[in-house]
Amino acid sequence: MSIEKMAMPQLGESVTEGTISQWLVAVGDTVNKYDPIAEVTTDKVNAEVPSSFSGRITALLVQEGDTLPVGEPICSIEVEGADRESVKTEDPLKKEKLSSGVQDDRDQSMKKRYSPAVLRLAQENDIDLEQLTGSGRSGRITRKDVQNYIDSVQSTKSENEVPANKEAEDQGQPGRLTGAACFSEAVAQAAGKTGTGQSSRTEAGDVDVPLTGVRRAIASNMLRSKHEIPHAWTMVEVDVTSLVNYRNQIKKDFQQKEGTKLTYLPFFIKAIVTALKDFPRMNSTWAGDRIIEKKAVNISLAVSSEDALYVPVIRNADEKSIKGIAIAVDELAKKVRNNRLSPDDMHGGTFTVNNTGSFGSIQSQPIINYPQAAILSVESIVKRPVVVNNMIAIRDMVNLCISIDHRVLDGWITGRFLARVKELLENISPDNTPIY
Amino acid sequence: MAVISYIEAITQALKEEMERDENVFIMGEDVGKRGGVFQATKGLYEEFGQKRVIDTPLAESAIVGVGIGAAMYGMRPVAEMQFADFMLPATNQIISEAAKTRYRSNNDWSVPLTIRAPYGGGVHGGLYHSQSMEAIFANVPGLKIVMPSTPYDVKGLLKASIRDPDPVIFFEHKRAYRLIKGEVPDEEYVLPIGKADVKREGEDVTVITYGLAVHFALQAAEKLAAEGISTHVLDLQTVYPLDKETVIEAARKTGKVLLVTEDTKEGSVISEVAATIAENCLFDLDAPIRRLAAPDVPPMPYAAPLEKTCMLQPDQVEHAIRELAEF
């Protein structure tokens with residue numbers, strides 16, 4: 001037994017709807033096939049609608065006077081025997097199962113098939129498509145994916161730049177923070193999407209800290225560096241007693257003359273830069289099929305603000321005196337504090353110096369500033385008893401820690417580089433270390 | 001604003017143009033006393049008389065030929081082809097005479113003739129009452145081909161066709177006649193020929209089509225909106241010459257283009273649309289241009305299940321949009 005529906009018949013070409021003018025049956029009536037059940041009026045004809053089934057009328061679905069499109073159900077009839085409905089309903093179900101089975105979420109075969117529109121957008125906006133997740137079939141990155149990504153980058157940027165960084169606007173470059181930050185935003189996105197993992201549920205009392213653009217950039221840079229660069233690490237200790245003495249001797253004078261504090265950092269940078277000139281391999285980058293030794297010596301300097309880390313660049317540090325470096329360091333630090341870094345300030349570093357000593361650290365394992373080959377951290381200068389000429393003496397000691405890209409650099413060259421830095425630092429004296 | 005049917009819009013446009021300009025007159029098979037087989041000219045014979053609503057012999061070549069002569073003489077004839085399928089005897093008159101008279105006479109003569117013809121399937125019309133003929137004429141400079149989708153467009157564009165100084169073929173979808181209803185303003189208006197019309201704004205997929213299929217696209221778009229797929233629907237309205245500028249703009253908008261016609265696929269009007277997009281939008285395209293059309297078989301079958309198979313169906317449009325959106 002099954003319920004069949006009678007539909008509004010098509011009564012002539014171009015007729016698309018009909019009006020039930022009169023029902024000829026009532027609910028409960030038994031009808032035979034071809035018995036008239038209703039009178040229908042169209043704008044062409046009046047006609048009786050014959051029943052398509054034999055059975056009992058169970059419901060009249062429209063009122064007399066109602067107009068409805070051809071094919072719409074007008075009444076239902078309970079039919080003896082035939083079980084057509086169940087047969088009918090099986091089919092679509094099967095189809096649905098089949099089609100949903102074919103679609104495999106993990107299929108990424110289209111991930112690298114880029115449409116012209118996607119390539120153009122990626123090119124125009126400097127986007128590394130490798131880092132995007134595609135929402136299209138088989139993981140294809142759609143034009144909309146790229147557009148959404150561009151929009152989200154722009155909106156997160158403008159969000160955290162409005163309060164902090166009005167500078168970008170003054171320079172007429174809204175939304176473009178740094179080359180490095182931009183280049184790494186894509187990774188940040190990927191990291192943000194895939195890296196959240198399971199434990200990201202917030203429980204009572206937890207505080208959700210929304211990611212700023214800078215934080216995203218940091219995250220992606222770190223992730224990329226750690227993922228791609230095989231890090232190796234080593235440390236040397238340096239006796240900087242003579243540096244400490246020398247600096248104490250001139251720091252007052254310097255401040256008066258230059259209006260800037262003379263810290264130890266410029267001396268370290270000067271020594272590092274000099275050593276870099278001797279060991280150009282330290283000042284290089286891994287380029288996949290080759291190593292590029294950079295001619296320019298641009299020192300990226302890790303500078304912290306309240307909750308972010310920037311690595312602005314001292315350009316051509318090898319051409320600067322200690323004073324020049326001191327001024328540059330001071331300028332960059334001020335810019336970071338006042339959120340006035342420009343994209344140019346962040347671009348083109350070839351080697352990073354990290355002044356971890358400033359917060360008392362005596363040892364650290366820095367992560368390389370991608371795509372450079374090495375990062376050196378200068379730890380705290382501390383007074384320690386050490387053996388000098390077989391006697392115990394109190395000396396000013398500092399640890400220099402270095403992380404290297406082991407694809408580019410080996411322990412041997414790194415060791416010699418550090419030895420050179422150490423030599424330069426330990427031999428600092430008023431005679432051989434001009435400030436100007 | 002009154003809600004009227006597609007065919008009522010035709011009758012209104014004819015009536016208003018005949019009232020406005022006494023040079024406008026109607027010719028065709030059964031258009032007079034009978035009011036046309038579809039009742040498009042219903043009441044006009046009574047109102048304007050037998051000199052302005054003329055029943056003709058069953059000779060399309062003569063209907064168009066007489067129309068061309070009258071038009072050259074300064075009249076504004078509206079010639080009805082009872083079915084677009086019956087236009088073929090008149091193709092010589094249309095293509096070699098009407099379309100070329102302005103050029104041939106060095107601009108001395110023109111043919112302000114409107115040829116109305118019901119086309120399209122889905123009405124159980126079989127081989128001789130279901131065809132789409134636009135592609136045959138869409139390669140003939142000198143002609144304009146208008147194929148509106150809504151009563152509003154029908155009225156505004158039929159009036160524009162009658163007022164146009166050159167021959168216009170005005171194809172009316174016979175299934176739309178009573179199926180499609182819509183609001184039409186009470187005041188006088190005319191719509192520009194040669195302009196495509198955005199029927200729905202969307203972001204994910206662009207559907208470019210014309211005629212009844214516009215409604216299929218709009219229905220599908222409405223359904224798919226619930227699934228989060230946003231569809232841009234462009235109604236060509238004039239299929240020849242194409243409004244290339246608007247077509248290109250619509251294609252660029254989403255980069256995923258579905259072209260729909262109920263005509264057979266190869267050499268159809270939408271093939272030309274596809275070529276226009278391919279020529280102009282390569283770097284905006286995010287998916288292959290997709291054409292949805294009737295299978296390339298000779299007839300529209302009479303048998304209902306076969307007709308349904310051959311005739312473009314709304315769920316096909318929906319399916320094709322979804323496919324593109326997911327691509």
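Helices here are DSSP runs (H or I, at least four residues) and strands are E runs of at least two, numbered from the N terminus; axes are lines fitted to C-alpha atoms, for helices over the stretch in contact, with angles from 0 to 180 degrees between N-to-C directions.

This is a predicted model, in which local features need pLDDT of at least 70 and side-chain atom pairs pLDDT 80 or more, while totals for chains, interfaces and linings use all residues. Residues are numbered from 1 along each chain as its sequence is written, with chains lettered from A and ligands numbered from 1 in written order.

Next, show Lys244(B), Val247(B), Ile248(B) and Ala251(B) in α10(B), which meet Val273(B), Thr276(B), Ile277(B) and Asn280(B) in α11(B). Contact means C-beta atoms, placed from the backbone, within 7 Å.

Now move to the chain boundary. Here 19 residues of chain B are in contact with 18 residues of chain A. On the chain B side, the largest share, three residues, comes from helix α8 (residues 176–179).

Finally, select chain A, with its eleven helices and 17 strands. Of its 436 residues, 33% count as buried (20 or more other C-beta atoms within 10 Å of the residue's own, C-beta atoms being placed from the backbone). Among contacts in chain A with a separation of 6 or more, 65% join residues 24 or more positions apart.

Terms used
Contact = placed C-beta atoms within 7 Å. Buried ≥ 20, exposed ≤ 12 C-beta atoms within 10 Å, placed from the backbone.
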